[in-house]
Amino acid sequence: MEVKFEAVASKTCELYCKLGIKAYKEHYLHLWQNNDPTPYIEESFTLDVVVNELKDNLSSLWLMYMGDTAVGILKLIKDAPIGPYNSKEATLLEKIYILNKFSGKGIGSLALSWVETYCQNSDKQVLWLETMQKGPALNFYLKNGYQILKEKQLKFDLVLDKQKPMYVLMKKID
């Protein structure tokens with residue numbers, strides 16, 4: 001299986017939004033009161049938000065493809081300090097969303113490998129991310145060599161209290 005990564009451009013912003021919204025809703029509706037993730041969608045996947053992110057030199061937005069089929073998205077913050085690592089040493093994997101029908105096929109592992117290579121090529125020492133304490137994502141990241149750095153809480157008021165606990169995970173890039 002080959003997964004291709006394509007940088008988002010102005011002509012693919014709409015596709016990035018569509019994929020992000022669909023994948024997010026497939027995996028994370030249970031976090032929200034009334035299954036309504038509108039606050040997150042409005043902060044992350046409106047055309048205005050994504051166009052502005054494209055203008056930001058620190059943001060790096062990507063589409064993931066299997067063949068000609070778009071299967072997910074990635075968002076990196078290239079210079080994002082964490083713990084003892086400064087912004088030149090660390091990158092944040094802010095979003096990695098894969099459509100449900102393509103989950104469990106190894107795409108996530110390939111995507112992590114691709115991001116780690118991207119970080120190596122950018123002379124980064126660490127890659128970090130945030131994930132829910134409950135659910136399959138945590139075990140996926142732990143299996144892929146990430147370590148729990150600290151706990152935090154999801155910031156959205158309309159997220160169910162029992163769903164707010166998160167972990168910050170980090171992996172050193174060789």
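Me: Is Ser59 buried or exposed?
Reply: This is a predicted model, where local features need pLDDT of at least 70, side-chain atom pairs count only at pLDDT 80 or more, and totals for chains, interfaces and linings use all residues. Residues are numbered from 1 along each chain as its sequence is written, and side-chain values use heavy atoms, with hydrogens and water left out. Buried means under 20% relative accessible area, exposed over 50%, partly exposed in between (1.4 Å probe, protein chains only). Ser59 has 10% relative accessibility, so Ser59 counts as buried.

Me: Which residues does Ser59 touch, not counting residues up to four places away in sequence?
Reply: Ser59 lies in strand β2 (residues 59–66). Strands are DSSP runs of E, at least two residues, and helices are runs of H or I, at least four, numbered from the N terminus. Contact means heavy atoms within 4.5 Å. The residues touched by Ser59 are Glu53, Lys75, Leu76, Ile77 and Lys78.

Me: Does Lys155 count as buried or exposed?
Reply: Lys155 sits in the loop between β6 (147–153) and β7 (165–172). Its relative accessibility is 59%, so Lys155 counts as exposed.

Me: At what angle do the axes of helix α1 and helix α3 cross?
Reply: Axes are lines fitted to C-alpha atoms, for helices over the stretch in contact, and angles run from 0 to 180 degrees between N-to-C directions. The axes of α1 (residues 13–28) and α3 (residues 47–55) come within 9 Å and cross at roughly 120°. That makes α1 oblique to α3; angles under 35 degrees count as roughly parallel, over 145 as roughly antiparallel, 65 to 115 as roughly perpendicular and the rest as oblique. The value asked for is roughly 120°.

Me: How are the rings of Tyr24 and Tyr97 arranged?
Reply: Rings of Phe, Tyr and Trp (its six-membered ring) pair if their centres lie within 6.5 Å; planes under 30 degrees apart count as stacked, over 60 as edge-to-face and the rest as tilted. For Tyr24 and Tyr97, the centres are 5.7 Å apart and the planes stand at 70°, so the pair is edge-to-face.

Me: How many residues apart are Tyr24 and Tyr97?
Reply: Both Tyr24 and Tyr97 are buried. Tyr24 is in helix α1 and Tyr97 in strand β4 (residues 90–98). The pair links distant parts of the chain, 73 residues apart.
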